[in-house]
Amino acid sequence: MTTGNTTREDYRHWQRIPTRWHDNDVYGHVNNVVHYAFMDTVINTWLITEAGLDIHRGRAIGLCVESHCNYRASLAFPEAVDAGLRIGHLGRSSVRYEVGFYPEGKEDVVAEGHFVHVFVDRDTRKPVEIPAHLRGAMAGLVVA
């Protein structure tokens, strides 16, 4: 679980995500809903490019069943965000990803969140074991 005391060293994978003009809200900062899109982006980019998830033909797909984000400071366009990714829990059919957001090149976390996937059969939507190739890749992101 993210604690608010995390550092960059606590994360196993990084992706830089640029903010866009329309990410800012009327208060001049990146709107909270955008942080959820950032989580979805870093997790699914990693699953597809690093873990080999086949989003078009794979039998098992991950469905989000829970997400949460704590905000500590603001981001604003045109800043980029460094999204750190780790896994806090790896179960039989579920995984809890934890994400920390840092302004590009800076050390203070501005938001931390988690995102839980349950893997299900594409057709029946019944829970299935996380496929071995995904589980193997996920093991490299697990933190104690």
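Colleague: In what order do the strands of the open sheet stand?
Modeller: This is a predicted model, in which local features need pLDDT of at least 70, side-chain atom pairs count only at pLDDT 80 or more, and totals for chains, interfaces and linings use all residues. Residues are numbered from 1 along each chain as its sequence is written, and side-chain values use heavy atoms, with hydrogens and water left out. Helices (H or I, at least four residues) and strands (E, at least two) are DSSP runs numbered from the N terminus, and two strands pair if DSSP finds at least two bridges between them. On that basis the open sheet has 5 strands with antiparallel pairing, in the order β1-β3-β4-β5-β2.

Colleague: Which are the edge strands of this sheet, and what is the average twist from one strand to the next?
Modeller: Strands β1 and β2 each pair on one side only, which makes them the edge strands. Axes are lines fitted to C-alpha atoms, for helices over the stretch in contact, and angles run from 0 to 180 degrees between N-to-C directions. From one strand to the next, the twist averages 25°.

Colleague: How many bridges join β3 to β4, and which residue in β4 does H89 stand opposite?
Modeller: Strand β3, which covers residues 80–90, runs antiparallel to β4, and 9 bridges join the two. The residue in β4 that stands opposite H89 is R96.

Colleague: At about what angle does α2 run to β3?
Modeller: Contact here means heavy atoms within 4.5 Å. Helix α2 lies across β3, β4 and β5, and the angle at which α2 runs to β3 is about 115°.

Colleague: How many residues apart in sequence are the parts that R16 and E104 tie together?
Modeller: A salt bridge requires a side-chain nitrogen of Lys or Arg within 4 Å of a carboxyl oxygen of Asp or Glu, and R16 and E104 form one with their closest N and O atoms 3.2 Å apart. R16 lies in strand β1 (residues 13–18), whereas E104 lies in the loop between β4 (94–103) and β5 (111–121), so the parts tied together are separated in sequence by 88 residues.

Colleague: Which residues are linked with R16 and E104 in a network of salt bridges, and how many salt bridges does the whole structure hold?
Modeller: The network links R16 and E104 with R8, D82 and E107. A search of the whole structure gives a salt-bridge count of 11.

Colleague: What is the relative accessible area of D123, the partner of R59?
Modeller: R59 and D123 form a salt bridge with the closest N and O atoms 2.7 Å apart. Because R59 is in the loop between α1 (32–49) and β2 (60–71), and D123 in the loop between β5 and α2 (132–139), the pair ties together parts 64 residues apart in sequence. Buried means under 20% relative accessible area, exposed over 50%, and partly exposed in between, for a 1.4 Å probe and protein chains only. R59 is partly exposed at 45%, whereas D123 is exposed, with a value of 58%.

Colleague: How far is the sulfur of C64 from the closest cysteine sulfur, and is C69 buried or exposed?
Modeller: A disulfide is a pair of cysteine sulfur atoms within 2.5 Å, and a search of the whole structure finds 0 of them. The sulfur of C64 has its closest cysteine sulfur in C69, too far for a bond at 12 Å. C64 is partly exposed at 40% relative accessibility, whereas C69, at 6%, counts as buried.
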